[in-house]
Amino acid sequence: MSAIMDFQTAATLGGYLAKSYAKDFFDLLVTYKDISASEAASRLNLHIQTAQDFLEAMTSLGILNKVEVYEKKRPYFRYTLEKERIRLEIDLTKMQRAKNSGVLSQRIRELRNSGARFTTARSGHAISSVVIWTGEGRDRQERKINLSTPQGKFLYYLPFPNAEPLSVQEIMRKGGLEEELSPEIMDIIGVLENLGVIEVL
C-alpha cells in the first residue's frame with residue numbers, strides 16, 4: 001500500500017496499527033497462507049468480533065483480500081495478505097488546498113456589535129491581537145488571540161461593520177500579502193467567524 005492517502009484513510013489505518021495486537025496479527029497473516037477470523041481469534045486470544053473487525057478493516061484498505069468458502073454448506077471468509085509493504089503517506093498540502101478552494105473570493109467585514117477589541121501593533125499598519133469575550137454572566141471569559149504578522153496585516157484592512165465588504169483577495173492585496181499566505185489567513189477568518197467577529201457575505 002504505497003499510494004498517498006487521504007487523512008481519514010490514514011487515520012483509520014493508524015488507529016488499527018496502534019492496537020496492542022496489530023503486530024501479532026500481521027505476523028499471523030505473513031505466516032499463514034490464509035486465515036479465518038475464528039482461527040485468528042483463537043490463535044491471538046481475542047474475541048472473534050475483534051478479529052473480524054480488524055480483518056475487515058484491512059480488507060477495506062486493500063491490505064488484505066478475502067475469499068468466501070464453504071464448510072458443511074456454511075459460508076465464511078478466509079483472508080490473505082494482499083500487500084507486503086504498507087507506507088502511510090499523507091499530502092497535508094492537499095488538505096489545505098481543498099479547504100481554501102474558492103474562498104479567496106468570499107466577501108467579508110467586521111460584524112456589527114461583535115464586542116471584539118483589535119490592538120494595533122507598535123509598528124503600525126497591522127493588528128497584533130484580538131480580544132473577545134466569550135460566555136455569559138459569571139461564566140464570561142476574556143480570550144486573547146495573538147496574530148501572526150500576515151494575519152495582523154490582513155486584519156488591519158478588514159472593513160468596518162458599516163463599510164462595504166471586500167473579498168479576501170482584495171484585503172490581502174491591500175496588506176501586501178502573497179497568495180501563498182492564504183492558508184493562515186483563512187485559518188484566522190474561520191476562527192473569528194466562529195467567534196462572531198467577522199461576517200462572511
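This is a predicted model: local features need pLDDT of at least 70, side-chain atom pairs count only at pLDDT 80 or more; totals for chains, interfaces and linings use all residues.
Colleague: K19 lies over the face of Y16, at 5.9 Å from the ring centre. What makes a charge sit over a ring?

Modeller: NZ of Lys or CZ of Arg must be within 6 Å of the ring centre and within 35 degrees of the ring normal. Residues are numbered from 1 along each chain as its sequence is written, and side-chain values use heavy atoms, without hydrogens or water.

Colleague: How many aromatic pairs does a search of the whole structure find?

Modeller: The search finds six aromatic pairs (ring centres within 6.5 Å). In one of them, the centres of F26 and F54 are 5.6 Å apart and the planes stand at 70°.

Colleague: Why is the pair of F26 and F54 called edge-to-face?

Modeller: Planes over 60 degrees apart count as edge-to-face, and these stand at 70°, so the term applies. F26 is in helix α2 (residues 22-31) and F54 in helix α4 (residues 48-60), so the pair ties together parts 28 residues apart in sequence. Both rings belong to one aromatic cluster, formed by Y16, Y21, F25, F26 and F54.

Colleague: Are F26 and F54 buried or exposed?

Modeller: Buried means under 20% relative accessible area. F26, at 16%, therefore counts as buried, and F54, at 0%, is buried too.

Colleague: Why does F77 count as partly exposed?

Modeller: Exposed begins over 50%, and partly exposed lies between the two limits; F77 has 30% relative accessibility, so it falls in that range. F77 is placed in strand β3 (residues 74-81). Leaving aside neighbours within four places in sequence, F77 is in contact (heavy atoms within 4.5 Å) with I35, S36, A37, K66, V67 and E68.

Colleague: How is R117 classified by its relative accessible area?

Modeller: R117, with 44%, is partly exposed. R117 is in strand β5 (residues 117-120) and touches S129, V130, V131 and E142, not counting residues up to four places away in sequence. The C-alpha atoms of R117 and V103, 14 residues apart along the chain, are separated by 25 Å.

Methods:
Helices (H or I, at least four residues) and strands (E, at least two) are DSSP runs, numbered from the N terminus. Buried means under 20% relative accessible area, exposed over 50%, partly exposed in between (1.4 Å probe, protein chains only). Rings of Phe, Tyr and Trp (its six-membered ring) pair if their centres lie within 6.5 Å; planes under 30 degrees apart count as stacked, over 60 as edge-to-face and the rest as tilted.
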